[in-house]
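Please look at the fold and its open spaces with me, one question at a time.

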Amino acid sequence: MERNYCIHKVLQAATSLLFSFALMSCGGVLLQPGDLLFHVSAESNAITSVTEGMIDHVAIVLNSDSVIEAVGRGVVTTPIDSLRKQKGHYLQARIKRSGKEKADIATTLANARGYLGYAYDQLYLPDNKEIYCSELVQLSFVSQEGTRLFSPVPMSFHDASGEITSYWKAFYAKHQMDVPEGKPGTNPNELIRRDNIRIIGKLK
């Protein structure tokens, strides 16, 4: 009886381990905490029309089950399975984990969790108490030395011709603001092209 019980527990542990690996699988590459999932939109929108590419969102992998992201309802945790149900698909990317810019994943995730509950920054402004998706990444990721891995870049609200689009002109006019063209910030399309980020898989 004791031998059968031990065999049962070993098989149970092995099954649990395989199930965990299956949950972490992303296009053949295992998801790791601190990986990034970039949403590739199925169609053009206000964000992709003023940035280079079709990526309009980014989320940070917390564990095998969930990500942390800044969306309309604020900075929240979201089940990974729900991402698979969205239109378009997600690319899995990994931060450089060696050399001088090696990411401190534990501190990075603690930083990201510290923003849980913050409101979503629909105005994409720097230095306020609201957060948008790529800003969460920019503020959270730090190196082993404690320095931020991603510096801000000038924000872009213009199309390929250099003209600020009518959508963003009307959007900021509604808020009685000038378009913050060139202000420091980030966007997912630019972020995925950083030297210390590499695409390693696809979620769906």
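Q: In β6, which residue is the bridge partner of S66?
A: This is a predicted model, in which local features need pLDDT of at least 70, side-chain atom pairs count only at pLDDT 80 or more, and totals for chains, interfaces and linings use all residues. Residues are numbered from 1 along each chain as its sequence is written, and side-chain values use heavy atoms, with hydrogens and water left out. Strands here are DSSP runs of E with at least two residues, and helices are runs of H or I with at least four, numbered from the N terminus; two strands pair if DSSP finds at least two bridges between them. β5 and β6 run antiparallel and are joined by 6 bridges, and the partner of S66 in β6 is P79.

Q: What is the order of the strands in the open sheet?
A: Strands of a sheet pair through backbone hydrogen bonds, either parallel or antiparallel. Here the pairing is antiparallel, and the open sheet has 6 strands. Its edge strands, each pairing on one side only, are β6 (74–79) and β10 (197–202). The order is β6-β5-β4-β3-β7-β10.

Q: How many residues of β4 are buried?
A: β4 pairs in the antiparallel sense with β3 (residues 36–40) over 5 bridges, and with β5 it forms a hairpin that has 4 residues between the two strands. A residue is buried when its relative accessible area is under 20%, exposed when over 50%, and partly exposed in between, using a 1.4 Å probe and protein chains only. By that rule β4 is mostly covered, and the number of its residues that are buried is 7 of 7.

Q: Which elements each supply at least two residues of the lining of the largest pocket?
A: On a 1 Å grid over the protein atoms alone, a pocket is an open set of points with protein on both sides within 12 Å along at least five of seven lines, whereas a cavity is a set where a 1.4 Å probe fits but cannot get out; lining residues have an atom within 4 Å of a point. The largest pocket is lined by 19 residues, with I47, D56, Y120, Y124 and P188 nearest its centre. The elements that each supply at least two lining residues are β4 (55–61), β5 (66–71) and α4 (133–140).

Q: Which element gives the most to the lining of the second largest pocket?
A: Of the 18 residues lining the second largest pocket, the closest to its centre are P126, D127, E135, Q138 and L139. Two or more lining residues come from α4 and also from β9 (184–185). With 3 residues, the element that gives the most is α4.
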